[in-house]
Amino acid sequence: MNRNKKNISWRRTAIVAASLALVLGLAGCSSTSSNSASAKTTTASSSSSSNSSTSSSSTGSGSSSSTTSTADSSSGSTDSAVNSDGTINTDSLFSDRDLEQTADTSNATEYTVSDGQDISITKEGIYVISGSATDVTITVNANDAKVQIVLNGVSITNTDSPAIYVKSADKVFVTTVKDTENTLKVTGTFTADGETNTDAVIFSKDDLTLNGEGTLTISSTANGVSSKDDLTITGGTYKIKATKDAFEAHDSIAIKDGTFDLTCKNGIKAEDKDDTSVGWIAIEGGTFTIDADNDCIHGTTVTQIDGGTFDLTGVECIESTGIVINDGTININSSDDGINASEKSTDYDVKITINGGNITIKMGSGDTDGIDANGSIYVNGGTLSITANSPFDYDNEGKLNGGTVTVNGEQGSELTNQFANGGGGGMPGRGGNGGPGGGMRGNK
């Protein structure tokens, strides 16, 4: 209401009041309506855990109030696993069954693969697969069921279709048996299943968990493992060569442990091109060697690393809207941006927060940035060593609140934007984007 207008007639006031009352009345009526939903039942012994949580501790924008800025005021998350401050709540990411690395096969159904003979799974249960064959697809079409596929020394080579294809399920577990070698290959161009572009050796329309104590080797002319829902990995050894993504999911990727040797276009990617409110990655542990033609780790919304050992080689090694690193040993060799935060989703703030870990970044020559944020950068802890012409590039603010940061052998006490008046022989107008030593203000 314009409070400067004093000459409003009482009739107009009455009309406005009546209209407002009518609107509020209608809103009150609509708020009392509710939708009922039928309960979904399953005979599985354990169910996947919920990702929602009402409490969290922030590890986000900095340890002091000086870090508060427009970059820290989140626009609000729409994914229950991601907190409003752009951190991921990891308390409920993994169910008990996700974490079980062996399966009880006492009542399992066993299959030995044979050339050209597909395997169809239509009900809940545990299925043990072994043998060597060509042109075999294991298809799961079991609505609302939990299915566990146990790979016990199996080798499948297909020309144009997935080795494992989940059409429908509540959740599918793919488990490798201890001390076994399992190989899945697709050598030609994938053929679509109607409107479904089945472009991965393991392709799932629903939730997918990979675990076990054996080795799974995948070779693909497109993607290695794809879930159009959530992808969870808690154990096993994975050797993947793919012309596209090694692991990709629409909604999320959560990794607890495992050994990963990936040669691909993108290593670990969570993205739904039709919904930018999803696509987060949470990594709690594991050993990762990723050689990517593009991104090693790529999330649409938030990528959080809480532990693990990483040797990453790529164009941009870690990329997401928001990036949180709490722990881990991370070695980065990048030809563009080592760690990059850019707005891929409007639901979360564009920022990089480093709270711990041991991070080493080596950048290629040219117009490259060690850590680049189209928002803000906060270093609150850990050890960070960067070798680069341009170590830092940020649009909003960069704060060094704790930890140890060394750039080109020089330890400093302040992050200096490449566009600011940093040290070194920078190019004109681009302060720290030049010779060694640019990008840090030295201790005095």
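How many nonpolar, polar and charged residues does the lining of the largest pocket have? The legends below take up this question first. The model shown is predicted.

**View 1. Residue classes around the largest pocket.** The lining has twelve charged residues.

**View 2. The largest pocket and the residues closest to its centre.** The pocket holds about 370 Å³ of space. Its lining is made up of 19 residues. Closest to the centre are Asp245, Glu248, Lys269, Glu271 and Lys273.

**View 3. Strands that line the largest pocket.** Elements giving two or more residues to the lining are strand E15 (245–249), strand E18 (266–270) and strand E21 (295–299). E15 supplies the largest share, three residues.

**View 4. The largest cavity and its centre.** The structure has one cavity of 30 Å³ or more. About 60 Å³ of space lies in the largest cavity. Eleven residues line this cavity. Asp85, Gly86, Gly322, Asp349 and Lys351 are nearest its centre.

**View 5. What the cavity lining is made of.** Which strand gives the most to the lining of the largest cavity? Strand E24 (residues 322–325) does, with three residues. By class, the cavity lining divides into four nonpolar, four polar and three charged residues.

Key: Residues are numbered from 1 along each chain as its sequence is written. This is a predicted model: local features need pLDDT of at least 70, side-chain atom pairs count only at pLDDT 80 or more; totals for chains, interfaces and linings use all residues. Side-chain values use heavy atoms; hydrogens and water are left out. On a 1 Å grid over the protein atoms alone, a cavity is a set of points where a 1.4 Å probe fits but cannot get out, and a pocket is an open set with protein on both sides within 12 Å along at least five of seven lines; lining residues have an atom within 4 Å of a point. Grid points are joined across faces, edges and corners, and a volume is the space filled by probe spheres set on the points. Helices (H or I, at least four residues) and strands (E, at least two) are DSSP runs, numbered from the N terminus. Ala, Val, Leu, Ile, Met, Phe, Trp, Tyr, Cys and Pro count as nonpolar, Asp, Glu, Lys and Arg as charged, and the others, Gly among them, as polar.
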